[in-house]
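These are my notebook entries on a structure that I had not examined before. I set down what I looked up, in the order in which I took it.

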Amino acid sequence: LQLDFWLAPRGLGYPVDVRVPFPSLQPLKAHLEANGISYSIMIEDVQVLVDHERTEMLRGRRWLPLSTNTFDYATYHSLDEIYAFMNLLVAENPNLVSKIEIGRSTENRPLYVLKFSKGGTKRPAVWIDTGIHSREWVTQASGVWFAKKIVLDHKNDEGLASVLDKMDIFLEIVTNPDGFVFTQTQNRMWRKTRSRHSGSVCIGVDPNRNWDAGFGGPGASGNPCSETYHGPYANSEPEVKAIVDFVKNHGNIKAFVSIHSYSQLLLYPYGYTTTPVPDQKELHEISGKAVAALSSLYGTNYKYGSIITTIYQASGGTIDWAYNQGIKYSFTFELRDTGRYGFLLPAKQIVPTAEETWLALKVIMLHARDHLY
Amino acid sequence: SPDSGHKYYLQFTTEDYKSGENAGSCLATVLYPKAKSPPVVTIKCVRTKDQKQIQEEDNTLYQKIRHQTKPIIGNNIPDSYGNIEPALEPVWALAVAGSSYIMWEKSTENLGYFMAQVKSAKQWIRKDDFVEFDYTVLLHEIPTQEIIPCHMRLTWLPGHPLKVKYFCASDNQGPEDGSGTESGSTAGILHARGANF
């Protein structure tokens, strides 16, 4: 019968697992039933699993890049590939780049932040995060590109070099790793975290409604099954709490940028209230300059303004919290495109998107450097 | 009555969904009455393409679909990485046109939509000249951020109105009829970039 025992017979009363070739199924079943031996089917078709694993492995192991110079920035990568990239980048540039673990996700994945620093102790710093909403794939991909860009340009680009002379840059590329893995394995459109909270079968909290700024107010949902569920309480999500703790402990963050897609917008606080921020005028001016710089590269059109006046009311948002912590230069980007591909932005647009966005980021960083407070 | 509800004045340009080139400009007014009834719309557009060119493009699209020897089926268009197989482009284009009817009917003063993905497409071969497809499309709903699956059945023949029947997961009633009354064209599929949206 060519039976393949995966759990071999040990003795009376012990279970046995066996893989059965298709032609032997009927004879084996007949034999077991004739002898009163009960059985259950654990895997209907092993070939399906094997095929699936093969495609997964082919995709994931195209060839492991041995340096960040052979890494393909113009394609979407898995979490493992991005984490491997980070290690490579640090290994190649130990005097500029280090990796910090700021916490763990719900599913116990490490939350990593890259620190770019030319020295000093707790210098004033810029914070950038990408991938807080897992389905917004162009953002994590852009984060990877930014990391490499900083390393490439930190000496020869005047603007960047001057920023790093005075400030550090912190970059969290995969801010929501559980969600990210879920978009790759189960549901490409997953947005939230993967936490379970008692009282509901639904999973996940919107990490951009979970911050302590107007938490639970209009502009978020109290329904755990909703895509904008704010969670049971502010900072309930470890992904959010990790950043809160990091920022508070650091105490010297001067600019905070949280990156999303899509819509092509540059936004500043507030989202939870129509009350303008005290620094509205300055933030509006910076936004205008940043957007002009962005557009100068490929003509990509961006709109800008406060969250609540430009898109809609949203409570418990990241940059509202950051601003209320005293981080004046708090911005959110919504990257390409405006809906034709939406979340499914073709990979060939990753690098152009990252390139143009970087120009806007430099405007913000340079302004912060020149107006330290 | 003219003084109730919210009225919006829009001026916007349109672009070809496939090529991105300018397709014309429009002036419109949209009145949302206080009661929960559909909006009152007036619109006037100036197209950059002439009728003949639109017809030609429609026919090209139509022939691409009719040329297939087997019923076309497809899933995940675009795929997770934003790729659309060239052979499935016409299927996607029709889905965009059909979805626009759904989104037109579903949107309100406070709810907007984008077509996020064609989850599945299956062609039904007909004895007459019409092309017919069964789709599952995913709509991205703003500001709720929900992904709404809709089942859409679409029939089309160049020079005839696009016929759309649909049922979305969030719909409470029976299947909706999104059929247009004018000639449907899939050339110059309009993607509006509004001054107001």
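**Entry 1: Ala121 of chain B**

I began with Ala121(B), which lies in strand β5 (residues 112–124) of chain B. I note at the outset that the model is predicted. Is Ala121(B) buried or exposed? I found a relative accessible area of 5% for Ala121(B), and because the cut-off for burial is under 20%, Ala121(B) is buried.

I then listed the contacts of Ala121(B), leaving aside its neighbours within four places in sequence. The residues in contact with Ala121(B) are Ile72(B), Ile73(B), Gly74(B), Ile77(B), Val91(B), Asp134(B) and Tyr135(B). I also looked up Gly82(B), which is 39 residues from Ala121(B) along the chain; the C-alpha atoms of the two are separated by 17 Å.

**Entry 2: Chain B as a whole**

I next turned to the chain that holds this strand. Chain B has two helices and 10 strands. In sequence order I read the pattern β-β-β-α-β-α-β-β-β-β-β-β for chain B. Of the 197 residues in chain B, 42% are buried. I recorded an accessible surface of about 11,300 Å² for chain B, with 53% of this surface belonging to carbon and sulfur atoms. Among the contacts in chain B with a separation of 6 or more, 49% are between residues 24 or more positions apart.

**Entry 3: Chain A as a whole**

I repeated the survey for chain A. Chain A has 11 helices and 10 strands. Of its 373 residues, 55% are buried. The C-alpha atoms of chain A fill a box of roughly 85 × 45 × 40 Å along the principal axes. The accessible surface of chain A comes to about 16,600 Å², and carbon and sulfur atoms account for 53% of that surface. For contacts in chain A with a separation of 6 or more, I found that 72% are between residues 24 or more positions apart.

I asked what span the 14 residues of helix α3 (residues 79–92) of chain A should have at 1.5 Å a residue. The buried residues of α3(A) are Leu79(A), Glu81(A), Ile82(A), Tyr83(A), Phe85(A), Met86(A) and Leu89(A).

I made the same check on helix α7 (residues 238–250) of chain A. Its 13 residues should span 18 Å at 1.5 Å a residue, and its end C-alpha atoms are 18 Å apart, which agrees. In α7(A) I found these buried residues: Glu239(A), Val240(A), Ala242(A), Ile243(A), Val244(A), Phe246(A), Val247(A) and His250(A). Gly251(A) follows α7(A) and has a positive phi, near 75°.

**Entry 4: A pair of packed helices**

How are helix α4 (residues 137–153) and helix α11 (residues 350–370) of chain A packed? I found an angle of about 65°, with the axes 9 Å apart. The crossing of α4(A) past α11(A) is right-handed.

On the α4(A) side, the residues that meet α11(A) are Val138(A), Ala141(A), Ser142(A), Trp145(A), Phe146(A), Lys149(A) and Ile150(A). On the α11(A) side, I listed Ile350(A), Val351(A), Thr353(A), Ala354(A), Glu355(A), Thr357(A), Trp358(A) and Leu361(A). The residues of this contact comprise 10 nonpolar, three polar and two charged.

Most residues other than glycine have a negative phi, and most peptide bonds are trans. I therefore looked for exceptions.

Asn108(A), which is not a glycine, has a positive phi near 70°. Asn108(A) is in the loop between β3 (97–104) and β4 (110–116) of chain A. Asn235(A) has a positive phi of about 65° and is not a glycine either; Asn235(A) lies in the loop between α6 (177–185) and α7 of chain A. Because its relative accessibility is 17%, Asn235(A) counts as buried.

Which residues does a cis peptide bond join in chain A? I found one between Pro269(A) and Tyr270(A), with omega about 5°. Tyr270(A) is in the loop between β8 (265–268) and α8 (280–298) of chain A. In chain B, the peptide bond from Ile142(B) to Pro143(B) is cis, and omega is near 0°. Pro143(B) lies in the loop between β6 (131–142) and β7 (147–156) of chain B.

Terms used: Residues numbered from 1 in each chain as written. Chains lettered and ligands numbered in written order. Predicted model: local features only at pLDDT ≥ 70, side-chain atom pairs only at ≥ 80, totals over all residues. Heavy atoms only, no water. Helix = DSSP H or I, 4+ residues; strand = E, 2+ residues; numbered from the N terminus. Expected span 1.5 Å × (residues − 1). Buried < 20%, exposed > 50% of the residue type's maximum accessible area, 1.4 Å probe, protein only. Contact = heavy atoms within 4.5 Å. Areas by Shrake-Rupley, 256 points an atom, 1.4 Å probe, with all protein chains shown as cover. Axes fitted to C-alpha atoms, helices over the stretch in contact; angles between N-to-C directions. Left-handed = near helix turned anticlockwise from the far one by under 90°. Nonpolar A, V, L, I, M, F, W, Y, C, P; charged D, E, K, R; others polar.
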